[in-house]
Amino acid sequence: MHALHLPLQEPVLIFGFAVLIFLLFPILMGKLRVPAIIGPIIAGIIVGPNGLEILARDSTIELLGTVGLLFIMFIAGLELDLDGFKKYRNRSILFGILSFLIPLVLGIIVGLWLDLSMMSAILFGAIFSTHTLLGYPAISRLGVSKNKAVTTAVGGTLLTDSLALLVLAVIIGASEGDLTIGFFGSLFLATALFAVAVLILTPYLTKWFFKRSNNEGTIEFNFVLAILFVAGAISLFVGLEPIIGAFLAGLALNRYIYDHGPLMNRIRFTANALFIPFFLLSVGMLMDLRVLISNPDALLTILLITIVAVGSKLLASWITGKVYGYSKAENLVIFGLSTTHAAATLAITMVGYQFGLFDQQIINAVIIIILVTCILGPYFSEKYGRKLAVAQEKVVIDDALPERILIPMGNPNTMESLLDLGFVLRNAKKTVEPLYPLTIVQKDLKQANNEVAQAERMLGRSLMYASGAEVPVKLLTRVDHNIGWGIERAAIEERITTIIAGWDGADVENQKIFGKVIDNFLEHTYQRALIATINQPLNTMERVILILPNNIVHKPGFEDAISIVKNIASQLSATIKCLVIRDDLEAYKLVSEHVHPNIEVEFQSINGWNSLYENDLNDVKSTDLVILVSARRGTVAWHPNLEVIPKKLTSMNLENFIVFYPTEMKETDIRGSRGTEVPKELLFKRDYD
């Protein structure tokens with residue numbers, strides 16, 4: 001029997017406890033609507049040597065943390081948008097230089113005021129100058145990633161990170177040697193030769209290797225790891241920090257590892273699941289809250305440092321905005337994207353701490369800055385990104401894909417009503433493609449034979465029903481442990497454009513909107529989706545009541561959605577009553593007039609959601625079809641009430657309603673999130689009103 005000693009000594013116990021933290025803390029952060037990067041840092045503060053002393057910052061944690069640090073810088077190099085930087089070179093260079101110099105100068109002044117040596121003060125300034133694009137996934141979801149302000153901020157990141165790492169190289173070199181001309185000469189020569197070797201030789205080697213690797217996932221991944229750690233090792237030999245080698249390796253492989261490709265997913269998965277959380281945990285372990293509590297001056301210092309860190313980025317974005325005539329919303333989006341201090345900031349701080357240039361007080365201050373800016377940056381990005389999305393011209397979605405309708409079948413009782421809706425929608429989209437009824441067998445692949453046969457029998461009934469309507473069908477069966485993933489896979493494999501799913505309105509545990517299965521595929525797909533509760537035959541419908549939430553007119557798929565709804569009403573010979581919630585009716589009327597078929601729509605403005613429930617949906621008959629055009633989380637028209645309304649409609653005993661999610665632009669671009677997930681929405685309820 002092993003006695004339990006604290007801090008934990010056994011590698012198995014250390015690793016097991018850490019993994020438990022990585023599992024639980026991101027879930028907790030998600031509930032608090034806070035970026036997941038903060039979770040392991042807070043956990044480190046709590047369980048580390050300055051907290052409950054459950055874990056020591058020993059060689060195991062340091063080794064895994066160092067690997068995580070290299071992964072962070074490597075992914076930083078991989079994610080940089082080199083083409084965007086070239087395209088918007090001038091704007092990006094100006095913003096990059098301002099965003100680097102202003103924080104650097106202010107940081108040096110504050111550093112000297114804190115009695116740091118000149119070397120430490122310069123490195124302290126370099127900490128402020130870097131930024132991580134933690135708000136970029138929100139910008140991508142809102143469809144404004146091509147906005148000039150966004151491209152300026154994204155392009156500027158290349159400069160700020162590169163210059164900050166150059167400062168790091170000089171300061172670390174200088175702290176070990178004398179500041180002579182010979183020192184600078186040898187440092188720059190070593191750096192230049194190393195950069196040329198990595199940036200020129202690596203792409204040649206990579207091209208040669210990938211041609212011969214036969215797409216072997218493990219071999220390609222190990223090749224990438226070899227490049228990363230060899231570059232880190234060589235940088236040590238030439239007197240640089242390994243993080244500079246890792247960053248350059250990422251830049252060198254930038255063109256060869258596609259952002260949504262399987263290799264990038266493996267790199268992100270390995271880094272995000274294990275190594276980066278270990279690094280963040282080790283950072284949290286360095287913080288000593290007792291210093292803050294016992295010393296009021298320390299709190300004042302941290303407050304000043306935080307104001308400088310945030311204010312310097314605000315000043316840089318404001319000057320850039322003035323030079324290029326950006327709007328207030330664009331300025332604040334640049335600020336939101338560039339104010340987040342995370343990956344590179346931590347990297348430089350840790351190196352400075354290892355070389356004795358920073359003390360405990362600086363570590364405390366940097367961790368507080370990270371906690372504050374990781375919430376502030378994504379919040380501003382989303383809040384003002386929404387304003388840009390509302391103001392910009394609507395992007396037209398490319399309709400090049402064939403119109404294919406997927407109908408997951410889970411309940412034999414709803415089969416006919418879902419197929420009827422599929423027939424109507426197929427006519428509305430004027431497609432000759434078959435319908436795709438799908439069943440998912442939730443079993444292990446090797447034991448699924450009987451269930452697959454059963455599923456095919458149920459699909460056989462849908463084939464009979466569809467042949468009666470002379471509509472071709474292509475039957476699909478998938479075996480998957482997770483029904484939502486099975487639907488998602490089928491949608492990608494069959495190039496589906498619309499998913500029709502039935503919902504029984506049942507109130508189940510852990511239900512966000514519809515329940516696990518539907519919520520899951522809605523979150524992970526961007527195709528048009530219709531979630532239907534239909535208890536009466538569609539051909540008995542006499543009126544369509546269309547509910548349009550605030551800002552929905554700005555969604556890229558809105559015109560397509562209106563066209564489909566008008567087409568459904570036309571086929572059912574039904575009238576349309578359109579209820580617009582707190583928005584300008586003219587914009588909606590204009591879209592309706594331009595969209596075929598040309599049928600009359602009666603528009604009515606509603607003051608708010610409560611008015612809708614209490615007055616406008618009270619006289620709904622069994623021959624009315626209620627259609628709510630909704631929005632996925634984090635997109636321009638999303639509102640917290642959209643998650644509540646399906647349950648409300650069920651509780652009002654509405655017999656027929658469809659929640660319609662228009663097509664999104666594409667998958668969210670998660671560049672910048674580096675080792676952390678940002679919640680789909682960070683705003684407060686009042687921000688939506």
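Modeller: Contact here means heavy atoms within 4.5 Å. The model is predicted, so local features need pLDDT of at least 70 and side-chain atom pairs count only at pLDDT 80 or more, while totals for chains, interfaces and linings use all residues. Residues are numbered from 1 along each chain as its sequence is written, and side-chain values use heavy atoms, with hydrogens and water left out.

Biologist: Which residues is A574 in contact with, leaving aside its neighbours within four places in sequence?

Modeller: A574 contacts M541, E542, R543, V544 and A569. A574 sits in the loop between α22 (558-571) and β7 (575-581). Such labels come from DSSP runs: helices are H or I of at least four residues, strands are E of at least two, and both are numbered from the N terminus.

Biologist: Why does A574 count as buried?

Modeller: The term buried means under 20% relative accessible area, exposed means over 50%, and partly exposed is in between, with a 1.4 Å probe and protein chains only. A574 counts as buried because its relative accessibility is 11%. T306, in helix α14 (residues 296-324), is buried because its relative accessible area is 12%. Not counting residues up to four places away in sequence, T306 touches I368, I369 and V372.

Biologist: How should I read the two sides of a strand?

Modeller: In a regular strand the side chains alternate between the two faces of the sheet. Take strand β5 (residues 528-534), where 7 of 7 residues are buried. R528, L530, A532 and I534 point one way, A529, I531 and T533 point the other way, and all are buried.

Biologist: Which strands pair with β5, and in what sense?

Modeller: Two strands pair if DSSP finds at least two bridges between them. Strand β4 (residues 498-502) pairs with β5 in the parallel sense over 5 bridges, and T498 stands opposite R528 of β5. Strand β10 (residues 656-661) runs antiparallel to β5 and is joined to it by 6 bridges; there, L530 stands opposite F660.

Biologist: How many salt bridges does the rule give?

Modeller: A salt bridge is a side-chain nitrogen of Lys or Arg within 4 Å of a carboxyl oxygen of Asp or Glu. The count by this rule is 10 salt bridges. One of them joins the side chains of E330 and K148, at 3.2 Å from N to O. This pair links distant parts of the chain, with E330 in helix α15 (residues 328-338) and K148 in helix α8 (residues 148-176), 182 residues apart.

Biologist: Are E330 and K148 buried or partly exposed?

Modeller: E330 is buried, at a relative accessible area of 7%, whereas K148 is partly exposed, at 37%.

Biologist: Where do E433 and R404 lie?

Modeller: The side chains of E433 and R404 meet in a salt bridge at 2.9 Å, N to O. E433 is in the loop between α18 (415-428) and β2 (435-441) and R404 is in the loop between α17 (360-391) and β1 (405-408), so the pair ties together parts 29 residues apart in sequence. Both E433 and R404 are buried.

Biologist: Which residues are linked in a network of salt bridges?

Modeller: The network links E403, K429, R528 and D560. The side chains of K429 and D560 meet in a salt bridge of 2.7 Å, N to O. That pair links distant parts of the chain, 131 residues apart: K429 in the loop between α18 and β2, D560 in helix α22. At 18% relative accessibility, D560 counts as buried.
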